[in-house]
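Look over the sequence and the model, then read on.

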Amino acid sequence: MKAFDFKFPTQVVMGEGRLSELGTLAKEYGDKVFLVYDPFLKGSQTLENIKQNLVDSNLDFVEFNDISPNPRNTSIDTGTELCVKEHCEVVVAIGGGSAIDSAKANALVATNGGNCWEYTERAGEDVTRPTKPSLPMIVVPTTAGTGTEATSFAVINNPSEKRKCTIISPTIFPDIALVDPEIMKTIPPMITALTGLDTFAHALESYISVNATPISEMLSLYSIELFAKSIREAVHNGTNVEARDQMALACGLGGAAIGTAGVTLPHALGQPLGALTDAPHGGTLAACFPQIIEWTLPYAEDKLAKVSELLDSQLDQKLTTAEKAAELPRILHELYTDLGVDVSFGKYGLKEENIEELADLCFVGFLQDLSAHPKPVTREDVIKLIHSCM
C-alpha cells in the first residue's frame, strides 16, 4: 500500500432540526457574528429563524449577502472589509457553495490581510500563503452539491480576468459543518439535480484520482451509493426528508474525499467554463462527464466498472469489467434524462472561437486537477474533448 495522509478537522453536526443549535455553537467562538448568506434566503422564514436563534444566544451579528453564483473576488473583498471593520469574531455562512466559499475567503483574509485573489492557485504566478489561522467558521449548507462544507477549498471568480481559481489551504476548513436536511426541502428540482450531479462528480473524480487513498476511496464509494439511491427521489419529491438527508450525507462524504484526493479533468474543464460563461457549476460538470469517461477508458477501468454497478442495479453481471466500464456514459445519459437535465458547453454559451481560450485556462488554474486524472492529459486532448462537449 502506498503511503498517504488523511486529515479532516471539521466537526460535523448533522440531522433534521439541528439548525436550532447554531447560536449555541457560534457562542463558543465569540459574541459577534459575520453572517454571510445567499440572497435567495432574504425574507425567508429560515433566515428569520436563524437570526432569532443568534439573538436568543445573546449574539450580535452583521449581515452580508452580496453573493452571486460563481462568487466574485470584488464582492468577497467588500465583505471582508465589512467583517474587519465591525470586529467580527466568528463567520457563519448559510447557503450553497457560492456563499460558503465566499465566507471561507472572508475568514482567511480577515486575519491575513490583502485580497482574496492573491491567495488563489495560479500556475506561473505569485501566490500568497496564509500565515495566520482564519477566523472561526460555521457553515450551514442549503444544497447538497458542492461539498465545500467539508473541504479546504474556496473557488473564486475574477470576471475582469475571466478566470476562476481556487484557494487551497487547511486554514479554511470550516470548524463546524451544521447540516440540516430540513432546510433543503424547498430547493427547486433543477437546482437539486445539478447540485446533486456536482456531488456525484466529487465522489467519482476523487475515486479515480491518482491521489486516491484507501480512506478517500471508501468515502467516494459510499457517496456514490447514497447518490444512486436518493438523487431521483430528491429531485422528483423534494419534500422527502430521507432522500434529502442521504444526498446531504453524500455531499459531505464527497467533499471529504476530494479534500484528500482532489478532483480531476471534469473540474479542470467545468470550472473555467463557469468563469467564461457564468454557467452553473454542476451543469458544466454534467456536460462533460460522459465524454471524458469514454475518452479515459481503459484507464481506471476497474473503478469505472464499479461505479456503473452502483448506478445501475440492473447491469448485466455477465459483462466483463471493460464492458461494465464502457456502459457508464450510457448510464449517465439515462440518468440525465430521468432528472430532466439537458446540458452541453454550447448550450451554456461557449462559442467555437473561445475553445482554445478555455483550453488555456485549464492549464493556468487547474493543473493540479489535470495531473490527478488517471489518463495523461495534453492541451490537444483538452481541445478535442471541449469540441465533443459542445
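Asp 101 is buried but has no salt bridge. Buried means under 20% relative accessible area, exposed over 50%, and partly exposed in between (1.4 Å probe, protein chains only). A salt bridge is a side-chain nitrogen of Lys or Arg within 4 Å of a carboxyl oxygen of Asp or Glu. The nearest side chain of opposite charge is that of Lys 104, 4.4 Å away. Lys and Arg count as positive, Asp and Glu as negative; His and the chain ends are not counted.

Asp 101 sits in helix H4, residues 97-112. Helices (H or I, at least four residues) and strands (E, at least two) are DSSP runs, numbered from the N terminus. The Asp 101 side chain makes a polar contact with the side chain of Thr 148, at 2.6 Å. A polar contact is a pair of N or O atoms within 3.5 Å; within protein, one must be able to donate a hydrogen and the other to accept it, and residues adjacent in sequence count only if both atoms are side-chain atoms.

## How the values were made

The model is predicted: local features need pLDDT of at least 70, side-chain atom pairs count only at pLDDT 80 or more, and totals for chains, interfaces and linings use all residues. Residues are numbered from 1 along each chain as its sequence is written, and side-chain values use heavy atoms, with hydrogens and water left out.

## Salt bridges

How many salt bridges are there? The count comes to 22. Glu 63 and Lys 51 form one, at 3.1 Å from N to O. This pair links distant parts of the chain: Glu 63 is in strand S3, Lys 51 in helix H2, twelve residues apart. Glu 63 is partly exposed at 34% relative accessibility, while Lys 51 is buried at 16%.

Asp 278 pairs with Arg 72 in a salt bridge, with the closest N and O atoms 3.0 Å apart. Asp 278 lies in the loop between H8 and H9, and Arg 72 in the loop between S3 and H3, so the pair ties together parts 206 residues apart in sequence. Arg 379 and Asp 360 form another salt bridge, at 2.8 Å between the closest N and O atoms. Arg 379 is in helix H16 and Asp 360 in helix H14, 19 residues apart. Shared partners also join Arg 122, Glu 125, Glu 161 and Arg 163 into one salt-bridge network.

## Cysteines

The disulfide count is zero. A disulfide is a pair of cysteine sulfur atoms within 2.5 Å. For Cys 83, the nearest cysteine sulfur is that of Cys 88, 4.6 Å away. Cys 83 is buried, with a relative accessible area of 1%.

Helix H5 (residues 189-208) reaches 28 Å between its end C-alpha atoms, close to the 28 Å expected at 1.5 Å a residue. The expected span is 1.5 Å times one less than the number of residues. In H5, 17 of the 20 residues are buried, so the helix is largely enclosed by the rest of the structure.

Helix H8 is mostly covered too, with eleven of its 13 residues buried. Among them are Leu 265, His 267 and Gln 271.

## Backbone details

The peptide bond from Leu 297 to Pro 298 is cis, with omega near 5 degrees. Pro 298 is in the loop between helices H10 and H11.
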